[in-house]
Amino acid sequence: MVRILAVCLATLFVHLALPATAAGAGTRTVRVLTSFPPQFLEPYRRAFEQRHPDSTIEFVQRKTTAAVAELVGGRQKADVFWASAPDAFEILKAAGRLARLKPRPTGAPERIAGYPVNDPDGAYLGFALSGYGFVYNPDYMAEKGLPVPRGWSDLAAPAYAGHVGISAPSRSGTMHLMVEAILQVYGWERGWGLWSEIGGNLATVTARSFGVSAGVARGRFGIGPSIDFLANQDGLPRGAMAFALPEETLFVPASIAVLSDADNREGAERFVDLVLSPDGQAILLDPAIARLPISPAAYAVGDVATGSPFRREGLFAHGLFDPRLSAARYELVNIIFDEMITFRRAELARLWRSVRTVEAALVRRGDAEAARLVGEAREALTRSPIGADEVMDLERWRKLERVRRGVPASEPQARLEARIRAAIDDNLRRAGRAVGEAAARLDVQATGRGVAGAEVSR
């Protein structure tokens with residue numbers, strides 16, 4: 001009996017010890033939540049596991065917007081967050097989800113165009129430079145006789161109608177940053193006016209950033225806003241895409257952070273060490289990845305020295321971006337863009353065609369009243385549903401959430417969304433009425449229709 005009891009106790013001891021051993025083994029896996037594609041990730045997996053043979057990497061791929069919502073909402077666990085959009089890191093930082101990190105010596109300057117390479121509070125560290133511009137199909141552009149845009153405002157030109165594709169900023173952190181950058185560079189009112197006019201030129205709104213590059217490469221449309229490295233994706237026809245930086249380009253650091261509740265903090269720190277090491281920076285120069293390292297020394301390898309962005313005069317002198325402002329109104333911008341452009345793309349295109357038709361007729365035949373009416377239509381189409389003064393009351397917008405499909409929004413957020421929809425509906429009605437009256441005076445056929453006939457896809 002004693003022997004049986006001893007065996008049982010020994011078995012129980014081993015059983016109780018196993019979870020601790022398993023947990024210890026489990027900490028050798030580093031869980032990295034990232035928006036980067038597989039061809040970007042695999043070289044880092046190999047390098048990390050070669051450095052640390054007792055460790056493994058688990059990459060969990062999510063769109064940046066989804067990853068942020070899952071982390072803030074407590075629906076996702078990870079050790080490391082790794083992405084391009086700086087405002088995503090600011091949201092996580094404000095939510096207390098990021099641990100404090102010590103900077104690694106990379107040789108990078110403290111600031112680029114006035115923008116900190118590393119978060120001043122130590123919540124995240126820059127590891128690469130991201131350039132935001134246009135991906136385009138050279139053959140498509142040549143066939144349609146379209147020039148490559150030199151600036152963001154060029155995308156609003158009538159010549160590009162039906163030739164532009166974008167992703168929805170509510171579903172793409174890359175696109176969100178570009179939308180917000182325009183709002184910051186041009187100002188809230190003028191920025192929304194520009195996005196409205198670009199919206200009138202859209203061929204489609206894709207579900208994610210990769211969809212823009214894929215659509216361009218396959219000739220579904222000719223051009224779209226993108227981040228530099230998405231112009232070089234596996235599985236897409238080689239030579240079907242090119243990337244151009246506009247004159248008012250935006251360069252910001254892509255970053256890496258450790259989550260505050262990381263189960264494997266030691267492994268997470270080791271992964272950050274790798275990414276910011278000379279070996280990790282050199283990986284970025286692989287043609288399959290094609291990113292710009294944050295370390296100037298990385299460019300001194302072989303024949304890539306002349307490609308160093310640190311040797312190109314004026315590259316970083318184009319614009320600043322405030323990630324804290326972006327983070328504070330993140331979901332507000334997403335809601336307005338979806339309601340104003342994504343869900344009303346077809347109607348917006350019809351109304352802008354009408355405006356341009358009437359404006360062309362005015363060149364041939366002057367009419368002061370028609371000119372006033374078409375100006376009224378243009379003003380209504382470009383008006384933001386939330387004014388510039390109100391939008392700067394930033395505390396009002398911090399509680400807005402990304403609402404998953406099928407889940408109702410909170411009552412305050414639902415009221416705000418209804419108010420935004422009503423304001424946009426009113427703007428489009430006014431635009432349709434004014435351009436219709438102007439067309440009648442000039443005896444031209446307007447192609448736009450009123451909101452009642454709009455095709456709205458939600």
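The model is predicted, and the protein in it has 458 residues, of which 53% are buried. Its secondary structure comes to 16 helices and twelve strands. Among the contacts between residues at least 6 apart in sequence, 76% join residues that are at least 24 apart.

**Nonpolar cores**

- The largest nonpolar core holds 130 residues, and those with the most contacts inside it are Tyr 44, Phe 81, Trp 82, Phe 127, Trp 192, Trp 195 and Phe 271.
- Helix H16, which covers residues 411-442, contributes ten residues to this core, and that is the largest share.
- As general background, nonpolar side chains in soluble globular proteins tend to be buried together.

**Helix H7 and its surroundings**

- Helix H7, residues 188-199, has twelve residues and reaches 16 Å from its first C-alpha to its last, which is close to the 16 Å expected at 1.5 Å a residue.
- Because ten of its twelve residues are buried, H7 is largely enclosed by the rest of the structure.
- The buried residues of H7 are Trp 188, Gly 191, Trp 192, Gly 193, Leu 194, Trp 195, Ser 196, Glu 197, Ile 198 and Gly 199.
- These buried residues of H7 pack against H6, strand S8 (202-206), H12, helix H13 (345-364), helix H14 (368-381) and helix H15 (388-391).
- Trp 192, which is among the residues with the most contacts inside the largest core, is in contact with Val 179, Leu 183, Val 333, Ile 336, Phe 337, Met 340, Thr 382 and Ser 384, once its neighbours within four places in sequence are left aside.

**Helix H9**

- Helix H9, residues 265-276, has twelve residues and reaches 17 Å between its first and last C-alpha atoms, close to the 16 Å expected at 1.5 Å a residue.
- Its buried residues are Gly 267, Ala 268, Phe 271, Val 272, Leu 274, Val 275 and Leu 276, and Phe 271 is also one of the residues with the most contacts inside the largest core.

**The second largest pocket**

- About 620 Å³ of space lies in the second largest pocket, and of the 27 residues that line this pocket, the closest to its centre are Val 72, Arg 398, Leu 400, Glu 401 and Arg 402.
- Two or more lining residues come from each of helix H3 (64-72), helix H4 (86-94), helix H11 (323-328) and helix H12 (330-342), while the largest share, four residues, belongs to H3.
- By class, the lining of the second largest pocket divides into 15 nonpolar, three polar and nine charged residues.

**Cavities**

- The structure holds seven cavities of 30 Å³ or more, and the largest cavity has a volume of about 140 Å³.
- Of the 14 residues that line the largest cavity, Ser 35, Thr 64, Thr 174, Ser 209 and Phe 210 are the closest to its centre.
- Helix H6 (173-186) and helix H8 (209-217) are the elements that give two or more residues to the lining of the largest cavity.
- The lining of the largest cavity has four nonpolar, seven polar and three charged residues.

**Individual residues**

- Leu 348 is found in helix H13 and counts as buried, because its relative accessibility is 1% and the cut-off for burial is under 20%.
- Not counting residues up to four places away in sequence, Leu 348 touches Ser 196, Gly 199, Gly 200, Met 340, Ile 341, Leu 381 and Leu 428.
- The C-alpha atoms of Leu 348 and Asn 201 are separated by 8.7 Å, although these two residues are 147 residues apart along the chain.
- Asn 427 has its place in helix H16 and is buried, with a relative accessible area of 6%; leaving aside neighbours within four places in sequence, Asn 427 is in contact with Ala 380 and Arg 383.
- Asp 443 is found in the segment after H16 and is exposed, with a relative accessible area of 69%.
- The phi angle of Asp 443 is near 55°, a positive value in a residue other than glycine.

Methods: Residues numbered from 1 in each chain as written. Predicted model: local features only at pLDDT ≥ 70, side-chain atom pairs only at ≥ 80, totals over all residues. Heavy atoms only, no water. Core = buried A, V, L, I, M, F, W, Y, C linked by side-chain atoms within 4.5 Å. Buried < 20%, exposed > 50% of the residue type's maximum accessible area, 1.4 Å probe, protein only. Contact = heavy atoms within 4.5 Å. 1 Å grid on protein atoms, 1.4 Å probe; cavity = no way out; pocket = protein on both sides within 12 Å on 5 of 7 lines; lining within 4 Å. Points joined across faces, edges and corners; volume = space filled by probe spheres on them. Nonpolar A, V, L, I, M, F, W, Y, C, P; charged D, E, K, R; others polar. Expected span 1.5 Å × (residues − 1).
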